[in-house]
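Please open the model in your viewer and keep the selection panel at hand.

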Amino acid sequence: MAWNEWEQLKAEALQRQQGSAAMQLNQLDGGGPPKPSAYGDLKVANDGLTKIGSAAFELYDQLWDKARVSVPSSDSAAADLSKQGFALGAGLKHVSNRWEEQLKSLMDACAHISNHMRVTKKVHDGDEGYIQRQMSSIALLDAGFDERVGEPGEKNKIYGEPSKKKDE
């Protein structure tokens, strides 16, 4: 994105914000920081990830059950042709070896996709929780230094009531 385009988008957003009569608050007074879901979560559609992961797992199973079956019979046929003196035996053995290499590569890719889709949702949920905890800590710290929390000249309520010392 070019710098001019970025500046134009910022100006348009500012115009929309100024033209709107609605007021947006990031938190309620005394309510603490909002949960991220109140203003935008990192969203990962679990159903989409599940469908992709399931399709990859199903393809892996089908490759395991159906595509591997031809390898032993091809190897057997190649050995038989070679014994009989046909040059075709060596060619068939080469094709069988390449098929097996490509099949293993494809099955590895399917397994990788399936596993990745299964883990992605869990990882994003963990990231979201971490971000929420970090933002809550920052908001609490900011509130401690924010003069707008209380009336000018009064103690900041975020620290609680002052303790009373006993005279001895």
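Begin by selecting S114, which is found in helix α4; helices here are DSSP runs (H or I, at least four residues), numbered from the N terminus, as are strands (E, at least two). The model is a predicted one, in which local features need pLDDT of at least 70 and side-chain atom pairs count only at pLDDT 80 or more, while totals for chains, interfaces and linings use all residues. Residues are numbered from 1 along each chain as its sequence is written, and side-chain values use heavy atoms, with hydrogens and water left out.

Is S114 buried or exposed? S114 counts as buried because its relative accessibility is 6%, where buried means under 20% relative accessible area, exposed over 50%, and partly exposed in between (1.4 Å probe, protein chains only). Next, display the surroundings of S114: leaving aside neighbours within four places in sequence, S114 is in contact with G53, A56 and F57, contact meaning heavy atoms within 4.5 Å.

Move on to N115, which also belongs to helix α4 (residues 88-145). N115 counts as partly exposed, at 38% relative accessibility. Draw a distance between the C-alpha atoms of N115 and A56: the separation is 9.1 Å, for residues 59 apart along the chain.

The next stops are salt bridges, each defined as a side-chain nitrogen of Lys or Arg within 4 Å of a carboxyl oxygen of Asp or Glu. By this rule the count comes to four.

Select K93 and D75, whose side chains meet in a salt bridge at 3.4 Å, N to O. K93 lies in helix α4 and D75 in helix α3 (residues 70-83), so the pair ties together parts that are 18 residues apart in sequence. K93 is partly exposed at 35% relative accessibility, and D75 is likewise partly exposed, with a relative accessible area of 22%.

Now select E101 and R98, a salt bridge in which the closest N and O atoms are 2.9 Å apart. Both residues lie in helix α4, three residues apart, about one turn of the helix. E101 is partly exposed at 45% relative accessible area, and R98 is partly exposed at 41%.

Finally, select E100 and K104, which form a salt bridge with the closest N and O atoms 3.8 Å apart. Because E100 and K104 are four residues apart in helix α4, about one helical turn separates them. E100 is partly exposed, with a relative accessible area of 28%.
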